[in-house]
Amino acid sequence: MFEIVEWKNNTVVMIDQRILPAKEVYLVLKDYNAVAKAIKDMVVRGAPAIGVSAAMGFALGALKAKQKDKKAFLRELKKVSKVLGATRPTAVNLFWALERMNGVVEANADLSVDALKERLVQEAKTIHKEDIEINRSIGKNGGKLLKKNWTVLTHCNAGALATAGYGTALGVIRGANEAGKNVSVFADETRPFMQGTRLTAWELKKDKIDVTLITDNMAGHMMSKGLIDAVVVGSDRIASNGDIANKIGTYMVAVLAKEHKIPFYVAAPLSTIDMNIKDGTEIPIEERDIKEVTHFGGKRVAPTGINVLNPAFDVTPNRYVSGIITEKGVVTRPYRAGIKKLFSK
Ligand code: MRU
């Protein structure tokens, strides 16, 4: 296939997702500021991929730090962590990854600066490797929920491109198809950033999975025509009560699914669950540049001076969620208790 984010010769290499599918370009990032900028500018996007990239950015920041003195080195790491943590607010995997890297620093206080650098690089590589394994488990667990010849609607891109590989929501489809279920996909275009059109359609086509692209406002019509058997999406942050934040428009799809009695599944690793927040109202929603809405293909399509809002995510209350598919199994209602149990498995 293709690498999404990779540690290579002490640099971080990423496929530039902003220009897919027109061009397959890989960027070589040589310092942590470049990684932070790549996350902010959405060279890399998708909650788990952001987490893996942040871990690699942290490792790069450590590796390239000039400080020989331990105290000064630790101060530099704090700065690195702060810069990476200020890139995108919604996907909790970013903060999960930074916390894990900072945890390694704390747990290895006795190591020399050079040994700690090596240890942090190793941890970032481990996070990368684990993410692919986790997605395969999500795929196996979720694949069982889909029946033979079903058509699944997905929103945004929760595929290989949004992770270290294989994907969460698209991992579920891959898992079902590896079990011989011949599942096909309807992909919402996902305005305004077009992750469905540009990324989901591209990676599924490349993987020879049957995919039909629709605009976001066609989802209800397709459901009413009986063309959708299930919805599977990813998530950027799941609250401890099972409310889920995902790409703007997901809430709309969930409400439609309930109206049409279609199961609505959310596939995500445990690192997407934020046990520190009690419900979805506490999830910070990123507001992005209004140009994403006023412009199309680089050209202004809205009148100048118009009022515009551009929240990048919305929250779907848990009552619309039929199941949360994780690497540790599928959780159903009541979510608070089920989610708590996941962490003790
Ligand atoms: O703004 P993006 O492209 O980073 O948003 C991505 C999504 O909303 C995904 O659905 C989510 O991160 C899950 S990815 C496995």
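Before looking at contacts, I noted that a polar contact is a pair of N or O atoms within 3.5 Å; within protein, one must be able to donate a hydrogen and the other to accept it, and residues adjacent in sequence count only if both atoms are side-chain atoms. I am working with a predicted model, in which local features need pLDDT of at least 70 and side-chain atom pairs count only at pLDDT 80 or more, while totals for chains, interfaces and linings use all residues. Residues are numbered from 1 along each chain as its sequence is written, and side-chain values use heavy atoms, with hydrogens and water left out.

Entry on the ligand. I found an oxygen atom of the ligand 2.8 Å from a polar backbone atom of alanine 47. An oxygen atom of the ligand also lies 2.6 Å from an N or O atom in the side chain of asparagine 246, and for the side chain of lysine 247 the corresponding distance is 2.7 Å. The protein covers 99% of the 420 Å² of accessible area that the ligand has on its own (Shrake-Rupley method, 1.4 Å probe).

Entry on the shell. I counted as near any residue with a heavy atom within 4 Å of the molecule, and 19 residues surround the ligand, with Ala47, Arg88, Asp236, Asn246 and Lys247 the closest. Helix H2 (47-64) and strand S9 (244-247) each supply at least two residues of this shell; helices (H or I, at least four residues) and strands (E, at least two) are DSSP runs, numbered from the N terminus. Because domain 1 (5-135) and domain 2 (138-344) both give residues to the shell, the ligand lies between them; the domain bounds come from an automatic or database assignment.

Entry on the backbone. Most residues other than glycine have a negative phi, and most peptide bonds are trans. I noted a cis peptide bond between arginine 191 and proline 192, with omega about 0°, and proline 192 lies in the loop between strand S5 (184-188) and helix H7 (195-206). Methionine 42, which is not a glycine, has a positive phi of about 65°.
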